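My notes are below, in the order I made them.

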Amino acid sequence: MTATTTTVTDLYPTRGATEVSTPRQDPVVWGAPDAPGPFGPGDLQSFERDGFFAIDQLLTPDEVAVYREELDRLVGSPEIRADERSVVEPRSKEIRSVFEVHRISEVFARLVRDERVVGRARQILGSDVYVHQSRINVKPGFGASGFYWHSDFETWHAEDGLPRMRTVSVSIALTENHDTNGGLMIMPGSHKTFLGCAGETPKDNYKKSLQMQDAGTPSDEALTAMASEHGIKLFTGKAGSATWFDCNAMHGSGDNITPFPRSNVFIVFNSVENTAVEPFAAPVRRPGFIGARDFTPVR
């Protein structure tokens with residue numbers, strides 16, 4: 001018998017010689033408007049329009065205390081710090097991110113399975129889902145660096161091999177997100193256009209990009225045009241608040257030079273009907289703790 005190879009069409013070219021703008025080829029909300037779940041039909045319409053939806057209180061104060069205690073335990077653990085899933089700040093050497101927290105911690109695994117969390121992902125993506133990536137982002141005060149403007153899908157498509165825009169993230173605040181301590185910024189409506197970035201992907205690019213992104217960043221001209229068209233929304237909120245955002249939303253966050261830390265847990269859900277293939281614009285796959293290759297649905 002002769003083996004056959006299935007070719008997946010690249011709907012979103014990126015990392016070429018020039019920047020390329022491509023209209024979105026996929027739905028934003030894949031599920032039916034009346035599908036049961038935590039989101040109401042009006043919520044899904046808002047998500048469709050803006051590319052995000054914020055919730056003032058997803059977690060109660062008591063729940064926040066449990067997750068914050070677990071975050072502090074992980075960040076303070078010498079074993080976790082030595083693990084390759086931890087990323088440290090280049091200057092202060094404090095922990096910046098810990099990846100795959102739903103596998104490291106049963107406490108965060110329970111959060112992933114919480115119907116308030118995974119139920120919303122199923123409504124948006126219209127299918128069962130698995131965790132493509134999870135992490136805690138820790139922005140301690142006095143100099144924690146930000147995350148430059150980017151579309152997550154551009155990286156997940158180029159370096160992880162996600163074929164379609166059928167992925168959604170949730171950022172859950174475990175400390176108060178002020179307007180001064182490096183909060184999340186999104187350009188509303190930017191999710192309707194894919195910006196393919198210029199420049200080849202270096203081998204093992206993830207080792208550098210997790211500290212300071214370079215490959216996969218838009219030009220100043222493109223960002224200026226997008227911000228002029230869409231504006232910029234800054235997200236603030238008490239601990240326990242949450243923001244759901246589309247995989248292609250242009251977003252970033254500033255440095256935190258205040259004394260007040262900003263710590264959030266991020267969970268990225270991908271449809272089981274959109275599992276990763278080979279990278280579309282990178283020489284090798286990123287490690288599984290950054291871009292999962294275990295497609296087991298969340299139950």
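These entries go from the whole chain down to single residues.

**Ground rules.** I am working with a predicted model, where local features need pLDDT of at least 70, side-chain atom pairs count only at pLDDT 80 or more, and totals for chains, interfaces and linings use all residues. Residues are numbered from 1 along each chain as its sequence is written, and side-chain values use heavy atoms, with hydrogens and water left out.

**Whole chain.** I looked up the secondary structure and found nine helices and 13 strands in the protein chain. Helices (H or I, at least four residues) and strands (E, at least two) are DSSP runs, numbered from the N terminus. Next came the radius of gyration: 18 Å, close to the 19 Å from the globule rule for 299 residues, so the chain is as compact as a globular protein of that length. That radius is taken over C-alpha atoms, and the rule is 2.2 Å times the number of residues to the power 0.38. Along the principal axes, the C-alpha atoms fill a box of roughly 55 × 50 × 45 Å.

I then checked burial, and 55% of the 299 residues are buried. Buried means under 20% relative accessible area, exposed over 50%, and partly exposed in between, with a 1.4 Å probe and protein chains only. For contacts (heavy atoms within 4.5 Å), I took residues at least 6 apart in sequence, and 86% of those contacts join residues at least 24 apart.

**A four-stranded sheet.** I followed an open sheet in the order S6-S12-S8-S10, with antiparallel pairing. Two strands pair if DSSP finds at least two bridges between them. Which strands are at the edges? They are S6 (147-151) and S10 (233-234), each pairing on one side only. S6 meets S12 (residues 250-253) over three antiparallel bridges, and I found Phe147 opposite Ser253 in S12.

**Helix H7.** How many of the residues of H7 (residues 152-160) are buried? Nine of the nine are, so the helix is largely enclosed by the rest of the structure.

**Glu70.** I found Glu70 in helix H2 (residues 61-76), buried at 9% relative accessible area. Beyond residues up to four places away in sequence, Glu70 touches Ser105, Val107 and Phe108. Phe108 is 38 residues apart from Glu70 along the chain, yet their C-alpha atoms are separated by 8.2 Å.

**Thr22.** Thr22 sits in strand S1 (residues 20-23) and is buried at 11%. Leaving aside neighbours within four places in sequence, I listed its contacts as Leu11, Tyr12, Pro13, Thr193 and Phe194.

**Positive phi.** Most residues other than glycine have a negative phi, and I noted two entries on the other side. Arg15 has phi near 65 degrees. Arg15 lies in the segment before S1 and counts as buried at 5% relative accessibility. Glu100 has a positive phi of about 55 degrees. I placed Glu100 in the loop between strand S4 (95-99) and helix H4 (101-104). Is Glu100 buried or exposed? At 13% relative accessibility, Glu100 counts as buried.
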